[in-house]
Amino acid sequence: MPSLSAKNQDFFNEPACERNRSKDFKVRKKGCSQPPMPGAAAGGCAFDGAKVALQPITNVAHLIHAPLACEGNSWDNRGTASSSHMLWRTSFTTDVTEFDVVMGHSERKLFKAIREINEAYAPAAVFVYATCVTALIGDDIDAVCRRAAEKFGLPVVPVNAPGFVGSKNLGNKLAGEALLDHVIGTVEPDDARSSDINILGEFNLSGEFWQVRPLLDKLGVRVRACIPGDSRYLDIATAHRARAAMMVCSTALINLARKMQERWDIPFFEGSFYGITDTSEALRQIAGLLVKQGAGPDLISRTEALIVEEEARAWRRLEVYRPRLQGKRVLLNTGGVKSWSVAHALMEIGLEIAGTSIKKSTDNDKERLKQMLTNDSMSGATTPRELYSALSDHKADIMLSGGRTQFIALKAKMPWLDINQERQHSYAGYHGVVELARQIDLSIHNPIWAQVREPAPWEMAPARGEEMSEEEALL
């Protein structure tokens with residue numbers, strides 16, 4: 001098996017990435033991004049990225065081989081939703097101590113932890129995550145996992161993504177490699193169909209994919225595996241028998257999509273389920289790919305009929321909100337695929353984009369944005385001061401961002417809506433875009449904003465001819 005450093009370097013030569021192909025050899029060797037400084041939490045480490053990408057696999061025990069501090073509270077720390085198993089939410093750690101490190105007990109402790117998890121929870125598999133400490137002291141988690149799998153008769157998957165190797169995005173890709181090396185293709189399904197697809201890079205945040213799956217069910221398209229949102233171990237183990245794939249977030253799992261195409265001839269495309277137009281286009285591309293792969297040609301006509309029906313219903317429901325939102329300006333502070341997919345959905349509703357962040361966006365994401373917006377509306381790393389100025393100067397009527405920047409909007413006394421992973425509402429599909437319009441309307445027209453913008457009673461000057469008493473002045 002290639003070393004971890006060799007694997008990392010291979011990611012910097014990703015042939016499916018247009019930006020990477022445009023670089024010369026010397027620039028390509030430098031990598032895709034600067035790694036975070038030691039001790040810094042600049043957007044998360046590789047371990048964080050790997051765990052984010054794999055934890056939504058619901059019937060798997062996720063065991064962190066590390067000191068206790070590496071494992072946080074995993075119960076609802078993301079907005080990923082599960083339809084049944086709750087095992088993925090439970091925290092498991094080997095709690096490696098200084099004594100274990102000095103005395104060399106950590107590998108033995110890992111084996112014991114796998115045994116205890118198997119006996120107490122009977123998971124479909126155990127995913128073991130290497131971290132900075134256990135990687136630095138040289139623990140061979142691959143060997144421990146092989147021995148545990150033989151001893152206990154269940155899949156034990158090593159995830160070699162210690163935090164110090166790079167960024168959160170690199171950890172996403174290392175998670176995809178772990179699935180390719182140890183999970184995908186290990187089970188042969190007995191029910192493969194010509195209309196099976198994989199959805200890659202979809203996390204089912206707030207149950208969003210549950211709003212899209214019924215559309216596919218109506219078309220007779222079966223999701224063989226949604227990786228990783230609300231998936232099961234067996235789904236992913238048989239994912240190699242899907243006939244096509246849709247990639248929702250290319251920055252996370254593009255290596256997984258490309259290698260599945262190379263190994264098992266599964267063509268893929270990148271699409272979005274945010275907004276009416278993008279949802280319809282995604283359905284069309286899914287149908288087109290499946291027909292090319294052997295599905296019945298009537299799938300295309302049935303898809304068009306469904307699109308006409310669903311679009312008409314969605315536009316009709318949006319008419320309620322259009323007059324109230326027409327011309328309102330939105331400041332979108334997110335990144336990656338959301339920089340263009342959510343922006344396009346907002347423009348369909350009738351909103352204007354005051355600005356959108358492209359800090360975590362790929363070149364493909366930026367090109368899509370350039371077709372929709374002016375360069376003035378696209379920004380890289382936006383500082384809190386710049387966000388505050390844009391809101392306080394009324395350049396935007398509302399900000400959509402993650403929870404970490406909500407207090408900037410509140411300080412500016414402006415509406416804010418969560419568009420990131422912790423959100424409580426689903427915005428995907430035809431129903432989701434209507435819900436997005438509803439939530440923006442509720443936030444912008446909430447009467448609390450008129451009240452908080454009024455001067456405080458002690459800041460109001462007394463009316464002419466009136467003098468405050470000595471007691472009022474003291475108050």
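# Patches, cysteines and salt bridges

User: Which helix does R115 lie in?
Analyst: This is a predicted model, in which local features need pLDDT of at least 70, side-chain atom pairs count only at pLDDT 80 or more, and totals for chains, interfaces and linings use all residues. Residues are numbered from 1 along each chain as its sequence is written, and side-chain values use heavy atoms, with hydrogens and water left out. Helices (H or I, at least four residues) and strands (E, at least two) are DSSP runs numbered from the N terminus. R115 lies in helix α6.

User: What is the relative accessibility of R115?
Analyst: Buried means under 20% relative accessible area, exposed means over 50%, and partly exposed lies in between, with a 1.4 Å probe and protein chains only. R115 counts as partly exposed because its relative accessibility is 34%.

User: Which residues form the positive surface patch?
Analyst: Patches take residues with over 30% relative accessible area and no salt bridge, joining like charges within 9 Å and nonpolar side chains (Val, Leu, Ile, Met, Phe, Trp, Tyr) within 5 Å. Lys and Arg count as positive and Asp and Glu as negative, without His and the chain ends; the charge is placed at NZ of Lys, CZ of Arg, CG of Asp or CD of Glu. Areas come from the Shrake-Rupley method with a 1.4 Å probe, and for residues only the protein chains shown count as cover. Helices α6 (106–121) and α8 (141–152) each supply at least two residues of the positive patch, which is formed by K112, R115, R147 and K151.

User: Which element gives the most to the nonpolar patch?
Analyst: The nonpolar surface patch covers about 760 Å² and is made by F99, V101, V102, M103, V133, L136, I137 and F164. Two or more of its residues come from each of α5 (98–103) and α7 (132–136). One of the contributors, V102, sits in helix α5 and counts as exposed because its relative accessible area is 67%. With 4 residues, the element that gives the most is α5.

User: How many disulfides does a search of the whole structure find?
Analyst: A disulfide is a covalent bond between the sulfur atoms of two cysteines. Here the cut-off is a pair of cysteine sulfur atoms within 2.5 Å. Over the whole structure, the number of disulfides found is 0.

User: Which cysteine has the sulfur nearest to that of C70?
Analyst: C70 is partly exposed, at 33% relative accessible area. It is in no disulfide, as its nearest cysteine sulfur is 6.6 Å away, in C132.

User: How far apart are the closest N and O atoms of R241 and E188?
Analyst: A salt bridge requires a side-chain nitrogen of Lys or Arg within 4 Å of a carboxyl oxygen of Asp or Glu, and the whole structure has 22 of them. One of these joins R241 and E188, with the closest N and O atoms at 3.0 Å. The pair links distant parts of the chain, 53 residues apart: R241 in the loop between α11 (233–237) and β7 (244–247), and E188 in the loop between α9 (168–182) and β5 (196–202). To restate the N to O distance, it is 3.0 Å.

User: Are R224 and D196 buried or exposed?
Analyst: The side chains of R224 and D196 meet in a salt bridge at 3.1 Å, N to O. This pair links distant parts of the chain, R224 in strand β6 (residues 222–228) and D196 in strand β5, 28 residues apart. Both belong to a network of salt bridges that also links D191, R193 and R222. R224 and D196 are both buried.

User: Which helix holds E304, the salt-bridge partner of R284?
Analyst: The closest N and O atoms of R284 and E304 are 2.8 Å apart, in a salt bridge. The residues are 20 apart in the chain, with R284 in helix α13 (residues 276–292) and E304 in helix α14.

User: What is the omega of the cis peptide bond that joins I227 and P228?
Analyst: Most residues other than glycine have a negative phi, and most peptide bonds are trans. P228 is found in strand β6. The bond joining I227 and P228 is cis, with omega of about 5°.
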